[in-house]
Amino acid sequence: MKRYNRLTAALGIILSITACQQQAQLPYLPQEVARLNILTEKMETMLEYAPDEPQAYPMNTYEHFVCHHAYPRTMSIFHDDELISRANQENAHIVISLFHQRGRLYVEDKVAADWPVSTGVEGRATTPGEYKVLEKKKDHASGRFGSILDSNGNTLVSDADSRTHTVPEGGKWVGSPMPNWMRLTDYGMGMHTGIVSPGTRLSHGCIRMPEYMAFRLFYLVEVGFPVTVTSELEEEYPANEALLAGAAYNSWLYEKKQLEDEIKKINKAAEKRLNTPQPEAATPTTPPEQPAESPTAAS
């Protein structure tokens, strides 16, 4: 563990600014002063135990990608086009990592592509196992999940399951579109173009991927192409050291930013109070003197 000079300097500047603002007697609330003291102590501890910045891997290498793209929770895609061009059914295979929510294409035991996926949600989880592509269909629609329309074309059920929902008389079933469909099982699990959110499981059990990668894979793989779905880190994964270093460093940067943002928020609130004109206290007015009563003659 060592201090990283550039980040140390940045944190030092923030701490100096905070100290100057405190010296300027900003109108901090008591709870804000207490919180600032805690945050400052946390920052000093973070600096003391800052992780090493990941080593500078050569540009355009897979290790560089893993370290510098907030991996694995990123929509960024790695692809080595020269390596992909050599892919065939004998020297290549696909790994779907349920833990990372990433897909990886291996060619000659090297990562040729790495992309985000969204697999099945809890209760409809994508099943780990060894598979082969059974079918390819450019424009496929789900036979089980989709929408139910009435006779006028209005949507009655937007997330329908054909096993539990019935199409009314005159109505219509519209299966969810699954472009670039690559079937892996007889019961409907496969890979296809779909909505993806980094690190998030979204599907009914299929493996969704961005259109760019689904399109490329559709025209790359043939029926019989091997696909592994796993919850473990595959044995051949080449960038575990870079992944661990990058994860520790990115986590440290994230926590540092959270502390910085909270300090800025407290300072901003105090500055706002300082610059907000306070309502003038009402000037007490002296009630007008009552005129002295005229003495009256005794009756």
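Which strand gives the most to the lining of the largest pocket? In this predicted model, that strand is β6, with 6 residues in the lining. The pocket has a volume of about 600 Å³ and is lined by 28 residues. Among the lining residues, Phe145, Met178, Gly188, His204 and Cys206 lie nearest the centre of the pocket. Strands β6, β8 and β9 each contribute at least two residues to this lining. By residue class, the lining of the largest pocket consists of 10 nonpolar, 13 polar and 5 charged residues.

The chain as a whole contains 6 helices and 11 strands. Of its 299 residues, 38% are buried. Among contacts in the chain with a separation of 6 or more, 68% are between residues 24 or more positions apart.

Strands of a sheet pair through backbone hydrogen bonds, in either a parallel or an antiparallel sense.

Within the sheet, β6 and β8 are antiparallel and pair over 10 bridges. One of the residue pairs places aspartate 139 against proline 179 in β8, its bridge partner. The hairpin formed by β8 and β9 has 6 residues between the strands, and in it glycine 188 adopts a positive phi near 110°. Glycine 188 is also one of the residues that lie nearest the centre of the largest pocket.

Pairing in the parallel sense is found between β9 (residues 190-193) and β10, over 3 bridges.

The model has 1 cavity of 30 Å³ or more, and the largest cavity holds about 30 Å³ of space. Its lining is made up of Ile84, Leu105, Met213, Arg216, Leu217 and Leu220. The largest share of this lining comes from α5, which gives 4 residues. The lining of the largest cavity divides into 5 nonpolar residues, no polar residues and 1 charged residue.

Two loop residues were also examined. Alanine 50 is located in the loop between α2 (30-48) and α3. Its relative accessibility is 1%, and alanine 50 therefore counts as buried. The C-alpha atoms of alanine 50 and tyrosine 249 are separated by 8.3 Å, although the two residues are 199 residues apart along the chain. Threonine 74 is placed in the loop between α3 (62-68) and β1 (78-79). With a relative accessible area of 10%, threonine 74 is buried, because the cut-off for this class is under 20%. The C-alpha atom of threonine 74 is separated by 10.0 Å from that of glutamine 101, which is 27 residues apart from threonine 74 along the chain.

Definitions and conventions
Residues are numbered from 1 along each chain as its sequence is written. This is a predicted model: local features need pLDDT of at least 70, side-chain atom pairs count only at pLDDT 80 or more; totals for chains, interfaces and linings use all residues. Side-chain values use heavy atoms; hydrogens and water are left out. Two strands pair if DSSP finds at least two bridges between them. On a 1 Å grid over the protein atoms alone, a cavity is a set of points where a 1.4 Å probe fits but cannot get out, and a pocket is an open set with protein on both sides within 12 Å along at least five of seven lines; lining residues have an atom within 4 Å of a point. Grid points are joined across faces, edges and corners, and a volume is the space filled by probe spheres set on the points. Ala, Val, Leu, Ile, Met, Phe, Trp, Tyr, Cys and Pro count as nonpolar, Asp, Glu, Lys and Arg as charged, and the others, Gly among them, as polar. Buried means under 20% relative accessible area, exposed over 50%, partly exposed in between (1.4 Å probe, protein chains only). Contact means heavy atoms within 4.5 Å.
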